[in-house]
Amino acid sequence: MSRTRILVVAAVVILVALASLPFVAEKFTIQFATRILIMAIFAMSLNLLVGQAGLVSLGHAAFFGIAGYCLALSSPQYQAANFWTSLPLAMVAAGALALVIGALVLRTGGVYFIMATLAFSQMLFFLLHDTDIAGGSDGMYIYVRPEATLFGWRPFDLEKFGDFYFVVLALFVIVFGLLGVLRASLFGRVIAGIRVNEQRMRSLGFATFRYKLACFVIAGMLAGLAGYLAAAQFGVVNPDMLGWHLSGAVLMMVILGGMGSLAGPVIGAAALLLLELGFQSLPDVAAIQLGKHWQLPMGIAIVLVALYLPHGIARLLRRGKPGD
Amino acid sequence: MDIATFLIQLLNAVQYGLLLFLIAGGLTLIFGIMGIINLAHGSFYMVGAYLAWSLSMHLGSLWLAIPAGIVLSVVLGLLIEWLLIKRLYRLGHLQQVLLTYGLILIVEEMRGIVWGDEVHSVPVPDLLSASVPLTDTLSYPVYRLGISGVCIALAVLLYVLIQRTRLGMVIRAGATNREMVQSLGIDIDLLYRFVFALGVALAALAGMIAAPVSSVFPGMGNQVLIICFVVVVIGGIGSVKGALVGALLIGLVDTFGKVVELKVGHFRLLPELAGMSVYLLMAFVLLWRPAGLFGKRA
């Protein structure tokens with residue numbers, strides 16, 4: 001079989017497995033799978049920046065968090081927001097924020113970019129943490145999940161965890177497909193060209209700044225989608241949603257899975273969340289509660305990945321094949 | 001604001017700025033010379049503060065705790081460079097970010113295991129516990145003046161070491177061309193191990209001398225790390241002079257942002273938004289000079 005056929009078969013098998021999960025698994029598993037899919041969307045959005053455009057952002061959680069806050073602020077207290085209006089609103093807000101921040105941080109490059117993105121996300125963190133615009137450091141609760149009634153028709157009920165899973169799965173597939181198309185398009189190739197040699201792309205006549213900014217905005221909107229879903233799932237938003245710990249964790253997912261490839265960040269998100277779950281249930285070793293201090297084995301795992309698996313798990317799976 | 005209050009806040013601002021310089025200076029030195037972006041730098045500040053607390057308990061005095069703490073943090077720096085950082089030189093920025101992020105988690109949890117998660121305070125040493133009277137009611141603690149003094153002395157020392165000694169010349173030459181220095185018969189790897197340890201020791205020392213005024217708590221490292229990033233971005237990455245100017249600017253903006261009251265209409269901008277002020281300053285600097293105040297343009 002050719003490589004494309006293997007990939008198509010694998011994709012179909014995985015999709016069927018994911019779609020049939022709610023019929024066989026328990027509630028916890030389904031909710032955990034939902035969480036993985038949401039983080040996978042988040043990681044894929046960052047991969048557009050890091051893997052495709054070569055822009056290492058350490059502030060990507062800003063867009064994730066702002067969309068979550070958008071849902072919280074647009075939900076009337078103890079009542080549901082409308083899914084069909086609040087989701088686009090949250091994504092547009094995240095996109096608008098990305099436009100402003102991107103216009104500033106894209107003036108820099110390399111390490112400056114890393115630090116500047118970090119600093120801007122922290123600025124928003126403190127805005128929400130120190131003022132009482134949206135609940136201060138405690139954040140806000142979303143008591144009821146968004147309601148999906150559209151002209152009297154109600155296609156799904158997000159309060160049911162099975163329905164919620166399917167909605168997230170559908171959005172995940174759409175984002176995956178969208179990013180696949182984007183990658184193969186002229187836009188995607190220009191972005192990849194900028195990563196390799198921006199000077200050359202500019203002399204070829206491409207307005208590279210605009211391409212990078214567009215890329216930054218798209219990545220911000222998709223992160224917003226993930227943040228909206230996460231806020232809806234957990235029913236709570238707080239400043240940590242924009243914090244640098246989350247920005248670091250999602251960058252971890254991208255690198256762990258493997259940059260550049262479409263499936264890499266998805267594998268990374270699943271691997272990191274499963275590792276976290278595994279480490280949290282570690283037994284005590286020599287009076288040290290490893291389960292409580294699960295970040296210790298996690299930190300060691302991250303260090304080992306950085307040193308010995310710099311191209312991620314996805315590269316490991318197709319060993320022997322030259323990278324693209 | 002009367003003149004005495006202003007003077008007190010100004011001294012606070014300078015002291016905070018100089019303390020930031022000790023940490024940010026090490027961060028920018030490690031980046032400028034070794035090309036390593038070290039997210040775990042703030043963790044060493046935290047380790048320093050915890051060392052000051054636990055050593056001064058065991059040894060009975062901060063005066064003994066500080067030299068012991070410096071020795072320990074140099075050893076820690078050498079060990080981490082030898083174990084991990086030296087493998088990063090051939091890898092990209094991304095792997096550096098990843099590894100040092102992992103290092104933060106490790107240090108944070110080790111701190112939890114060894115010292116616990118409680119907040120501690122370190123008493124100011126008797127010798128420096130006095131205050132300088134400014135007016136009838138206001139006075140300024142000698143210990144804070146002492147912090148500023150130590151920081152200034154170290155800044156001068158650092159300048160002399162890097163710019164005026166043969167060793168500093170070799171270190172600077174290594175930043176420009178590593179292989180060339182190596183082939184001239186200088187063990188650059190060993191030298192850089194000590195540069196890294198110097199950076200670690202500076203951050204830890206900052207934590208140690210700050211401990212009596214700021215208290216010792218988990219997460220204090222990350223807080224200071226982010227601010228140091230802002231300092232370094234404002235000053236220009238790799239520039240020690242930039243770090244000094246940036247740190248003082250941040251000290252002024254942060255301190256006065258918290259005490260000045262600024263109203264636009266009915267909305268109080270300051271001190272409500274003081275937490276944001278330093279990041280706004282950074283945004284302006286990036287707009288004006290994308291490579292920082294003293295950075296080299298790419």
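Modeller: Helices α2(A) and α10(A) stand roughly perpendicular to each other, because an angle from 65 to 115 degrees is counted that way and their axes cross at roughly 75 degrees. This is a predicted model, and the angle is computed from it like every other value here. The two axes, of α2 (residues 27-53) and α10 (residues 244-257) in chain A, come within 9 Å of each other. On the α2(A) side the contact is made by A:Met39, A:Phe42, A:Ala43, A:Leu46, A:Asn47, A:Val50 and A:Gly51, and on the α10(A) side by A:Val250, A:Leu251, A:Met253, A:Val254 and A:Gly257. Sorted by class, the residues of this contact are nine nonpolar and three polar, with no charged residue. As background to such patterns, an α-helix has 3.6 residues a turn, so residues three or four places apart point the same way.

In α7 itself, which runs over residues 186-196, the buried residues are A:Val190, A:Ile191 and A:Ile194. Viewed down the axis of α7(A), these buried residues fall within an arc of 100 degrees, and they therefore line one face of the helix.

Taken as a whole, chain A holds 13 helices and four strands. Its radius of gyration is 20 Å, close to the 20 Å that the globule rule gives for 324 residues, so chain A is as compact as a globular protein of that length. Along the principal axes, the C-alpha trace of chain A spans about 55 × 50 × 45 Å. Of the 324 residues in chain A, 47% are buried, and among the contacts in this chain with a separation of 6 or more, 74% are between residues 24 or more positions apart.

Chain A also meets chain B, in a contact that takes 40 residues from chain A and 38 residues from chain B. On the side of chain B that touches chain A, α4 (93-115), α9 (220-235) and α11 (274-288) each supply at least two residues, and the largest share, 16 residues, comes from α4(B). That side of chain B has 29 nonpolar, five polar and four charged residues.

Leaving aside neighbours within four places in sequence, B:Ile23 is in contact with B:His41, B:Tyr45, B:Leu202, B:Ala203, B:Ala206, B:Val224 and B:Cys228. Between B:Ile23 and B:Pro133, by contrast, there are 30 Å in space, C-alpha to C-alpha, and 110 residues in sequence.

The second residue, B:Val195, lies in helix α8 (residues 188-214) of chain B and is likewise buried, with 23 other C-beta atoms within 10 Å. Beyond its neighbours within four places in sequence, B:Val195 is in contact with B:Leu29, B:Ile30, B:Ile33, B:Met34 and B:Ile171. B:Val195 and B:Ser131 are 64 residues apart in sequence and 37 Å apart in space, again from C-alpha to C-alpha.

Technical notes. Residues numbered from 1 in each chain as written. Chains lettered and ligands numbered in written order. Predicted model: local features only at pLDDT ≥ 70, side-chain atom pairs only at ≥ 80, totals over all residues. Axes fitted to C-alpha atoms, helices over the stretch in contact; angles between N-to-C directions. Parallel < 35°, antiparallel > 145°, perpendicular 65-115°, else oblique. Contact = placed C-beta atoms within 7 Å. Nonpolar A, V, L, I, M, F, W, Y, C, P; charged D, E, K, R; others polar. Buried ≥ 20, exposed ≤ 12 C-beta atoms within 10 Å, placed from the backbone. Arc of directions from axis to C-beta. Rg over C-alpha atoms; globule rule 2.2 N^0.38 Å.
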